[in-house]
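Hello,

Here is the structure I promised to pass on. Please open it and keep it beside you while you read my notes below.

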Amino acid sequence: MHIFNTPTVAALSLLFCAASASAADIQIKMMDKSDAEGLMAFEPTFVKANVNDTLVFIPVGSGHNTRSLLAPSGAEPWKSAYDKEFRVKLEKEGVYLYACEAHKRMGMAGVVQVGNAGNLEEVKKKAAEESAAMAMNKDRLSKALDKVK
Ligand SMILES: [Cu+2]
């Protein structure tokens, strides 16, 4: 007696393939100096992701962490330990702003877009406030937000 007939097994394996293909790990390095992004930077500063992808923050320089500044409604805020790899699963659509707590004033901040950017206006407002308090890299967040499509 067969529990699954062949077409059912084929359909199930297709489903598993689709699920695993759609969720990716996206690496973001926490750096004292990035060739691409400048001093005190997350590399890349802007990331576009899909729902259920996972951000993986990798400590490259030392004395950095990551903390969300603004997340779409319903999304869990995050705060990592210093100098530790940290994973965040992105379960809600929208734009996320985050920074390194030690170097936020030096503009060490980044942007993640997940699916539709429904909260973009709110994010731009928050980014402008944060950028005004930065001593360097003051245009980093606005440049990153220009990439939101
Ligand atoms: Cu830092």
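Ser68 stands opposite Tyr98 in β7. Start there when you look at the model, which is a predicted one.

Now turn to strand β8 (residues 109-114). Six bridges join β8 to β7, and these two strands also run antiparallel. Find Val95 and you will see Gln113 of β8 opposite.

Is strand β7 mostly covered or mostly open? Mostly covered: six of the six residues in β7 (residues 94-99) are buried.

**The whole chain**

Step back for a moment. The chain has 149 residues, and 30% of them count as buried. Its secondary structure comes to three helices and eight strands. In sequence order, the pattern is α-β-β-β-β-β-β-β-β-α-α.

**The four-stranded sheet**

Next, look for an open sheet of four strands. The order is β2-β1-β4-β6, and the pairing is mixed. From one strand to the next, the twist averages 20°.

Inside this sheet, check the pairing of β1 (residues 25-34) with β4 (residues 54-59). The two are parallel, with six bridges between them. One place to look is Met30, whose bridge partner in β4 is Pro59.

**The nonpolar core**

Which residues touch the most other members of the largest nonpolar core? They are Leu97, Met108, Val111 and Val112, in a core of 28 residues. At least two core residues come from each of β1, β2, β4, β7, β8, α2 (120-132) and α3 (140-146). The biggest share is from β7, which gives five.

Finish with Met108. Set aside its neighbours within four places in sequence. Met108 is then in contact with Met40, Ala41, Phe42, Ala99, Cys100 and His103.

Best wishes

Notes: Residues are numbered from 1 along each chain as its sequence is written. This is a predicted model: local features need pLDDT of at least 70, side-chain atom pairs count only at pLDDT 80 or more; totals for chains, interfaces and linings use all residues. Two strands pair if DSSP finds at least two bridges between them. Axes are lines fitted to C-alpha atoms, for helices over the stretch in contact, and angles run from 0 to 180 degrees between N-to-C directions. A residue is buried if 20 or more other C-beta atoms lie within 10 Å of its own, exposed if 12 or fewer, and partly exposed in between; C-beta atoms are placed from the backbone. A nonpolar core is a set of buried Ala, Val, Leu, Ile, Met, Phe, Trp, Tyr and Cys residues joined through C-beta atoms within 7 Å. Two residues are in contact if their C-beta atoms, placed from the backbone, lie within 7 Å.
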